[in-house]
Amino acid sequence: MMWIKRNWIALATVAVLLPATALVVGGNEWRDYTSGRPVDPVLPDTAGQVSLGGSHFSLMDATLMRPQPETLPEGVHAIEVTVHVEPASVGVSCSAPTLVEVSTGREWSEASLRIVGASLSQSLCAGPEITDPYELRALYAVPEDAQGPFAIDVVIAEALPSFARLPLPEDLETTRERY
């Protein structure tokens, strides 16, 4: 008991500094972990547009395709998505849009991607040299057991940890036959 009375100031200091140190170190580690990853989705405003990094993204069309039997394996559907991009005045560089099943977190990369209205044909946003609006059209091969809801995620490295998340309509219509 005498030892506690003699050392109460040191004990109180340790009791305050130990949790504070853990919070600071843990907070720094968490910030470093999330700063390079897309963890903060930015959802569309009332007009259906996401503004991120000075660029604007909006979902134009999402269609559940009815592919020809010889083009896709049995048990696979195709979803075609069109995203309208209005680049910032310095253009925009982003990764190819990813289709996400929001309820499970499963993700699919594009099976094919076309940039319409830009002179480039690559699997990314058009890049810093393109400042005119354009459309990204992506096709995703998705297993039949994927139920949705689905969203399109567009990641801009300079805007991380934020990213654009464009929810797809829950009732995707099979309106077109192709592929």
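This is a predicted model: local features need pLDDT of at least 70, side-chain atom pairs count only at pLDDT 80 or more; totals for chains, interfaces and linings use all residues.
Residues are numbered from 1 along each chain as its sequence is written, and side-chain values use heavy atoms, without hydrogens or water. Local features need pLDDT of at least 70, side-chain atom pairs count only at pLDDT 80 or more, and totals for chains, interfaces and linings use all residues.

Let's begin with the sheet. Strands of a sheet pair through backbone hydrogen bonds, either parallel or antiparallel. Here 5 strands line up as β1-β10-β9-β5-β6, an open sheet with mixed pairing (strands are DSSP runs of E, at least two residues, numbered from the N terminus; two of them pair if DSSP finds at least two bridges between them). β1 (40–42) and β6 (106–108) sit at the edges with a single partner strand each, so one side of each has no neighbour in the sheet. Inside that order, β9 (residues 150–154) and β10 (residues 162–167) run antiparallel, joined by 4 bridges.

Now move to β2 (residues 49–52), where V50 and L52 form a covered face, while Q49 and S51 form an uncovered one. In a regular strand the side chains alternate between the two faces of the sheet. β2 runs antiparallel to β3 (residues 55–65), with 4 bridges between them, and L52 stands opposite S55 in β3. Their hairpin has 2 residues between the strands, and G53 takes a positive phi near 60 degrees there.

Finally, find L11, which lies in helix α2 (residues 8–35) (helices are DSSP runs of H or I, at least four residues).

Definitions and conventions. Buried means under 20% relative accessible area, exposed over 50%, partly exposed in between (1.4 Å probe, protein chains only).
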